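We will go from stop to stop, selecting as we go.

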Amino acid sequence: MSYNGADLIFPHLNIVIETMKDHITVFGVDIAFYGIIIGMGMLMALLIAERILARHGEDTGIIYDFFIAAVIFGVIGARLYYVIFEWDQYRGDILKILNIRQGGLAIYGGIIGGVLAGLVFSKIRKYPFLKLADCCMPGVIFAQAIGRWGNFFNCEAFGGYTDSLFAMRIRQSIVNPSMINRDLLEHIITDNGIPYIQVHPTFLYESCWNLLSFIFLYRYAVKHDIGTGDVTVRYFLLYGIGRFLIEGLRTDQLRLPGTSIAVSQLLSLLLAIAMLVIIILKHKRPAVK
(Lines give C-alpha, C1' and ligand atoms only; values in the text may rest on other atoms or scores of the structure.)
Protein backbone atom coordinates (compact mmCIF):
# COMPACT_ATOMS: atom_id res chain seq x y z
CA MET A 1 0.00 0.00 0.00
CA SER A 2 1.34 3.44 -0.97
CA TYR A 3 1.05 6.40 1.42
CA ASN A 4 1.87 9.16 -1.11
CA GLY A 5 4.90 10.48 0.68
CA ALA A 6 3.30 11.04 4.09
CA ASP A 7 5.75 12.00 6.86
CA LEU A 8 4.56 9.50 9.46
CA ILE A 9 2.43 6.35 9.30
CA PHE A 10 1.19 3.66 11.65
CA PRO A 11 0.70 1.12 8.83
CA HIS A 12 -1.10 -1.57 10.85
CA LEU A 13 -3.46 0.95 12.46
CA ASN A 14 -4.16 2.85 9.21
CA ILE A 15 -3.09 6.16 10.80
CA VAL A 16 -1.42 8.57 8.36
CA ILE A 17 0.03 12.01 9.11
CA GLU A 18 0.76 13.77 5.83
CA THR A 19 2.95 16.55 7.25
CA MET A 20 4.67 16.29 10.61
CA LYS A 21 5.17 19.72 12.19
CA ASP A 22 7.21 20.32 15.33
CA HIS A 23 6.28 23.96 15.99
CA ILE A 24 3.87 26.78 15.45
CA THR A 25 4.78 30.33 14.45
CA VAL A 26 3.34 33.26 16.39
CA PHE A 27 4.19 36.79 15.22
CA GLY A 28 7.23 35.44 13.42
CA VAL A 29 8.51 33.48 16.41
CA ASP A 30 8.71 29.68 16.22
CA ILE A 31 7.33 27.96 19.32
CA ALA A 32 8.16 24.26 19.56
CA PHE A 33 5.36 21.83 20.34
CA TYR A 34 7.85 20.12 22.68
CA GLY A 35 8.04 23.27 24.81
CA ILE A 36 4.28 23.71 24.82
CA ILE A 37 3.78 20.09 25.86
CA ILE A 38 6.39 20.32 28.63
CA GLY A 39 4.68 23.48 29.90
CA MET A 40 1.32 21.70 29.95
CA GLY A 41 2.87 18.82 31.87
CA MET A 42 4.34 21.17 34.48
CA LEU A 43 1.01 22.91 34.95
CA MET A 44 -0.80 19.60 35.41
CA ALA A 45 1.83 18.44 37.91
CA LEU A 46 1.23 21.61 39.93
CA LEU A 47 -2.56 21.20 39.91
CA ILE A 48 -2.39 17.52 40.86
CA ALA A 49 -0.03 18.24 43.79
CA GLU A 50 -2.37 21.00 44.96
CA ARG A 51 -5.33 18.63 44.83
CA ILE A 52 -3.53 15.95 46.84
CA LEU A 53 -2.59 18.46 49.53
CA ALA A 54 -6.17 19.74 49.63
CA ARG A 55 -7.54 16.20 50.03
CA HIS A 56 -5.34 15.84 53.12
CA GLY A 57 -6.36 19.21 54.54
CA GLU A 58 -2.92 20.75 53.99
CA ASP A 59 -2.08 24.34 53.03
CA THR A 60 -1.93 24.30 49.23
CA GLY A 61 -0.05 27.60 48.99
CA ILE A 62 3.25 25.86 49.73
CA ILE A 63 3.20 24.00 46.42
CA TYR A 64 3.01 27.25 44.41
CA ASP A 65 6.07 28.59 46.20
CA PHE A 66 7.96 25.35 45.53
CA PHE A 67 6.89 25.17 41.89
CA ILE A 68 9.16 28.03 40.79
CA ALA A 69 12.24 26.48 42.36
CA ALA A 70 11.36 23.03 41.00
CA VAL A 71 11.09 24.30 37.42
CA ILE A 72 14.41 26.18 37.58
CA PHE A 73 16.35 23.32 39.21
CA GLY A 74 14.61 20.77 36.99
CA VAL A 75 15.58 22.46 33.72
CA ILE A 76 19.17 23.00 34.88
CA GLY A 77 19.42 19.39 36.03
CA ALA A 78 17.94 18.02 32.81
CA ARG A 79 20.41 20.01 30.73
CA LEU A 80 23.49 19.18 32.81
CA TYR A 81 22.67 15.45 32.82
CA TYR A 82 22.47 15.45 29.03
CA VAL A 83 25.60 17.54 28.56
CA ILE A 84 27.68 15.35 30.88
CA PHE A 85 26.96 12.21 28.88
CA GLU A 86 27.20 13.96 25.49
CA TRP A 87 30.24 16.06 26.34
CA ASP A 88 31.89 15.57 22.94
CA GLN A 89 29.13 17.69 21.39
CA TYR A 90 29.98 20.67 23.61
CA ARG A 91 33.70 20.31 24.22
CA GLY A 92 34.62 22.73 21.45
CA ASP A 93 31.87 25.28 22.07
CA ILE A 94 30.86 25.70 25.71
CA LEU A 95 28.23 28.32 24.85
CA LYS A 96 26.22 25.62 23.06
CA ILE A 97 25.30 24.34 26.52
CA LEU A 98 23.03 27.35 26.97
CA ASN A 99 21.14 26.75 23.72
CA ILE A 100 18.41 24.37 24.90
CA ARG A 101 16.26 25.35 21.91
CA GLN A 102 18.31 22.82 19.94
CA GLY A 103 17.23 20.04 22.30
CA GLY A 104 19.20 18.04 24.82
CA LEU A 105 17.22 17.60 28.04
CA ALA A 106 17.22 14.36 30.02
CA ILE A 107 14.32 13.31 32.25
CA TYR A 108 16.49 11.81 34.97
CA GLY A 109 18.47 15.03 35.22
CA GLY A 110 15.21 16.91 35.67
CA ILE A 111 14.15 14.54 38.44
CA ILE A 112 17.49 14.92 40.21
CA GLY A 113 17.22 18.69 39.91
CA GLY A 114 13.67 18.63 41.27
CA VAL A 115 14.72 16.51 44.24
CA LEU A 116 17.57 18.91 45.04
CA ALA A 117 15.14 21.81 44.79
CA GLY A 118 12.84 20.02 47.22
CA LEU A 119 15.64 19.44 49.71
CA VAL A 120 16.74 23.08 49.61
CA PHE A 121 13.18 24.42 49.72
CA SER A 122 12.21 22.15 52.62
CA LYS A 123 15.26 23.24 54.58
CA ILE A 124 14.58 26.94 54.03
CA ARG A 125 10.83 26.77 54.63
CA LYS A 126 11.09 24.15 57.39
CA TYR A 127 8.56 21.99 55.59
CA PRO A 128 8.77 18.16 55.67
CA PHE A 129 10.61 17.03 52.54
CA LEU A 130 8.81 13.69 52.32
CA LYS A 131 5.42 15.38 52.49
CA LEU A 132 6.45 17.68 49.65
CA ALA A 133 7.78 14.73 47.62
CA ASP A 134 4.75 12.51 48.24
CA CYS A 135 2.29 15.16 47.05
CA CYS A 136 4.38 15.95 43.95
CA MET A 137 5.27 12.52 42.56
CA PRO A 138 1.86 11.54 41.11
CA GLY A 139 1.84 14.82 39.21
CA VAL A 140 5.43 14.34 38.08
CA ILE A 141 4.71 11.00 36.43
CA PHE A 142 1.56 12.44 34.83
CA ALA A 143 3.71 15.27 33.43
CA GLN A 144 6.13 12.66 32.10
CA ALA A 145 3.25 10.86 30.38
CA ILE A 146 2.33 14.10 28.64
CA GLY A 147 5.92 15.12 27.95
CA ARG A 148 6.71 12.01 25.93
CA TRP A 149 4.40 13.30 23.22
CA GLY A 150 6.95 16.05 22.63
CA ASN A 151 9.23 13.28 21.35
CA PHE A 152 6.49 12.23 18.97
CA PHE A 153 6.30 15.67 17.36
CA ASN A 154 10.10 15.82 17.16
CA CYS A 155 10.26 12.31 15.61
CA GLU A 156 12.81 11.21 18.20
CA ALA A 157 13.30 8.83 21.14
CA PHE A 158 12.05 5.85 19.16
CA GLY A 159 13.15 2.22 19.22
CA GLY A 160 14.62 -0.22 16.75
CA TYR A 161 12.90 -1.94 13.86
CA THR A 162 9.59 -3.69 14.44
CA ASP A 163 6.64 -4.87 12.41
CA SER A 164 4.33 -5.17 15.41
CA LEU A 165 0.82 -3.76 15.65
CA PHE A 166 2.06 -0.36 16.84
CA ALA A 167 4.95 -0.08 14.37
CA MET A 168 5.61 3.55 13.40
CA ARG A 169 6.98 4.40 9.97
CA ILE A 170 8.82 7.73 9.62
CA ARG A 171 10.18 9.43 6.52
CA GLN A 172 13.94 9.09 6.88
CA SER A 173 14.66 12.66 5.77
CA ILE A 174 12.91 14.21 8.81
CA VAL A 175 14.81 12.12 11.37
CA ASN A 176 18.11 13.07 13.03
CA PRO A 177 20.65 10.73 11.34
CA SER A 178 22.38 10.07 14.67
CA MET A 179 19.26 8.23 15.87
CA ILE A 180 19.22 5.79 12.96
CA ASN A 181 21.22 2.68 13.78
CA ARG A 182 22.44 -0.11 11.51
CA ASP A 183 19.41 -2.29 12.22
CA LEU A 184 17.04 0.43 10.99
CA LEU A 185 19.15 1.01 7.88
CA GLU A 186 18.98 -2.70 7.10
CA HIS A 187 15.17 -2.53 7.25
CA ILE A 188 14.63 0.63 5.21
CA ILE A 189 11.20 0.63 3.56
CA THR A 190 10.80 2.49 0.26
CA ASP A 191 7.44 3.88 -0.81
CA ASN A 192 7.23 5.73 -4.16
CA GLY A 193 10.98 6.18 -4.02
CA ILE A 194 10.89 7.69 -0.51
CA PRO A 195 12.87 5.85 2.22
CA TYR A 196 11.23 5.24 5.60
CA ILE A 197 12.41 3.76 8.86
CA GLN A 198 9.95 1.60 10.82
CA VAL A 199 10.36 1.69 14.58
CA HIS A 200 9.00 0.94 18.03
CA PRO A 201 7.08 4.06 19.20
CA THR A 202 8.79 4.00 22.58
CA PHE A 203 7.35 7.44 23.39
CA LEU A 204 3.91 5.80 23.28
CA TYR A 205 4.95 2.82 25.38
CA GLU A 206 6.40 5.04 28.09
CA SER A 207 3.51 7.48 27.99
CA CYS A 208 1.01 4.65 28.53
CA TRP A 209 3.11 3.12 31.33
CA ASN A 210 3.41 6.49 33.06
CA LEU A 211 -0.33 7.12 32.76
CA LEU A 212 -1.14 3.78 34.38
CA SER A 213 1.43 4.50 37.09
CA PHE A 214 -0.17 7.89 37.69
CA ILE A 215 -3.60 6.32 38.25
CA PHE A 216 -2.12 4.00 40.87
CA LEU A 217 0.01 6.67 42.57
CA TYR A 218 -2.76 9.25 42.70
CA ARG A 219 -5.22 6.81 44.27
CA TYR A 220 -2.53 5.71 46.71
CA ALA A 221 -1.64 9.31 47.66
CA VAL A 222 -5.29 10.20 48.26
CA LYS A 223 -6.07 7.11 50.36
CA HIS A 224 -2.87 6.99 52.44
CA ASP A 225 -0.96 9.43 54.59
CA ILE A 226 1.55 11.64 52.81
CA GLY A 227 4.87 12.49 54.41
CA THR A 228 5.89 8.87 54.97
CA GLY A 229 7.78 8.58 51.67
CA ASP A 230 5.58 5.68 50.55
CA VAL A 231 4.28 7.50 47.47
CA THR A 232 7.76 8.64 46.49
CA VAL A 233 9.25 5.17 46.82
CA ARG A 234 6.48 3.69 44.68
CA TYR A 235 7.01 6.39 42.07
CA PHE A 236 10.67 5.49 41.67
CA LEU A 237 9.85 1.77 41.65
CA LEU A 238 7.20 2.07 38.92
CA TYR A 239 9.10 4.58 36.82
CA GLY A 240 12.30 2.58 37.19
CA ILE A 241 10.67 -0.65 36.00
CA GLY A 242 9.02 0.99 33.00
CA ARG A 243 12.08 2.99 31.96
CA PHE A 244 14.38 -0.03 32.32
CA LEU A 245 12.23 -2.14 30.01
CA ILE A 246 11.55 0.56 27.43
CA GLU A 247 15.00 2.18 27.38
CA GLY A 248 16.50 -1.03 26.03
CA LEU A 249 14.50 -0.58 22.82
CA ARG A 250 15.69 2.97 22.08
CA THR A 251 18.31 3.91 19.51
CA ASP A 252 19.39 7.21 21.11
CA GLN A 253 20.56 6.07 24.51
CA LEU A 254 22.99 8.12 26.57
CA ARG A 255 25.82 5.73 27.44
CA LEU A 256 28.49 5.60 30.10
CA PRO A 257 31.69 6.94 28.50
CA GLY A 258 33.74 4.17 26.93
CA THR A 259 31.04 1.53 27.39
CA SER A 260 27.90 0.24 25.70
CA ILE A 261 25.92 0.59 28.94
CA ALA A 262 22.86 2.82 28.70
CA VAL A 263 22.99 5.26 31.63
CA SER A 264 19.24 5.61 32.11
CA GLN A 265 18.66 1.87 31.88
CA LEU A 266 21.29 1.14 34.51
CA LEU A 267 20.01 3.90 36.79
CA SER A 268 16.44 2.66 36.36
CA LEU A 269 17.40 -0.88 37.32
CA LEU A 270 19.31 0.25 40.40
CA LEU A 271 16.46 2.54 41.46
CA ALA A 272 13.83 -0.16 41.02
CA ILE A 273 15.85 -2.67 43.05
CA ALA A 274 16.58 -0.15 45.81
CA MET A 275 12.93 0.92 46.07
CA LEU A 276 11.73 -2.67 46.15
CA VAL A 277 14.15 -3.44 48.99
CA ILE A 278 12.91 -0.37 50.89
CA ILE A 279 9.27 -1.44 50.50
CA ILE A 280 10.04 -4.99 51.65
CA LEU A 281 12.04 -3.83 54.68
CA LYS A 282 9.49 -1.19 55.63
CA HIS A 283 6.60 -3.63 55.59
CA LYS A 284 8.44 -6.57 57.06
CA ARG A 285 6.72 -7.70 60.24
CA PRO A 286 8.64 -9.11 63.21
CA ALA A 287 8.27 -12.85 63.59
CA VAL A 288 5.73 -14.04 66.12
CA LYS A 289 7.42 -15.87 68.97
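A residue counts as buried when its relative accessible area is under 20%, and as exposed when that area is over 50%. Keep both cut-offs in mind. One more point before we start: this is a predicted model.

**Stop 1**

Select Cys 136. Is Cys 136 buried or exposed? Its relative accessible area is 12%, so Cys 136 is buried. A disulfide needs two cysteine sulfur atoms within 2.5 Å. A search of the whole structure finds zero disulfides.

**Stop 1: the nonpolar cores**

Select Ile 52, Leu 53, Ile 63, Phe 66, Cys 135, Tyr 235 and Phe 236. These residues have the most contacts inside the largest nonpolar core, which has 48 residues. Colour the helices next. Helix 1 (33-55), helix 2 (61-85), helix 3 (107-125) and helix 4 (129-154) each give two or more residues to this core. So do helix 6 (202-223), helix 7 and helix 8.

A second, separate core has 16 residues. Among them are Ile 170, Met 179, Val 199 and Leu 204.

Go back to Phe 66 and show its neighbours. Leaving aside residues up to four places away in sequence, Phe 66 touches Gly 114, Ala 117, Gly 118, Phe 121, Leu 132 and Cys 136.

**Stop 2: helix 7 against helix 8**

Select residues 230-247 for helix 7 and 263-282 for helix 8. The two pack at an angle of about 145°, and their axes are 8 Å apart. Helix 7 passes helix 8 in a left-handed crossing. Show the side chains at the contact. Helix 7 brings residues including Val 233, Phe 236, Leu 237 and Phe 244, while helix 8 brings residues including Leu 269, Leu 271, Met 275 and Ile 279. By class, this contact has 12 nonpolar, four polar and five charged residues.

Stay on helix 8 and pick Ser 264. Ser 264 is buried, with a relative accessible area of 5%. What does Ser 264 touch, not counting residues up to four places away in sequence? The list is Tyr 81, Tyr 108, Arg 243, Glu 247 and Leu 254.

**Stop 3**

Select Ala 133, in helix 4. At 8% relative accessibility, Ala 133 is buried. Ala 133 and Thr 232 are 99 residues apart along the chain, yet their C-alpha atoms are separated by 6.2 Å.

**Stop 5**

Most residues other than glycine have a negative phi. Our last two picks have a positive one.

Select Lys 126, in the loop between helix 3 and helix 4. Its phi is near 55°. Lys 126 is exposed, at 73% relative accessibility.

Then select Asn 192. Where is Asn 192? Asn 192 is in the loop between strand 6 (189-191) and strand 7 (194-199). The phi of Asn 192 is near 55°. At 56% relative accessibility, Asn 192 counts as exposed.

Definitions and conventions
Residues numbered from 1 in each chain as written. Predicted model: local features only at pLDDT ≥ 70, side-chain atom pairs only at ≥ 80, totals over all residues. Heavy atoms only, no water. Axes fitted to C-alpha atoms, helices over the stretch in contact; angles between N-to-C directions. Helix = DSSP H or I, 4+ residues; strand = E, 2+ residues; numbered from the N terminus. Left-handed = near helix turned anticlockwise from the far one by under 90°. Contact = heavy atoms within 4.5 Å. Nonpolar A, V, L, I, M, F, W, Y, C, P; charged D, E, K, R; others polar. Buried < 20%, exposed > 50% of the residue type's maximum accessible area, 1.4 Å probe, protein only. Core = buried A, V, L, I, M, F, W, Y, C linked by side-chain atoms within 4.5 Å.
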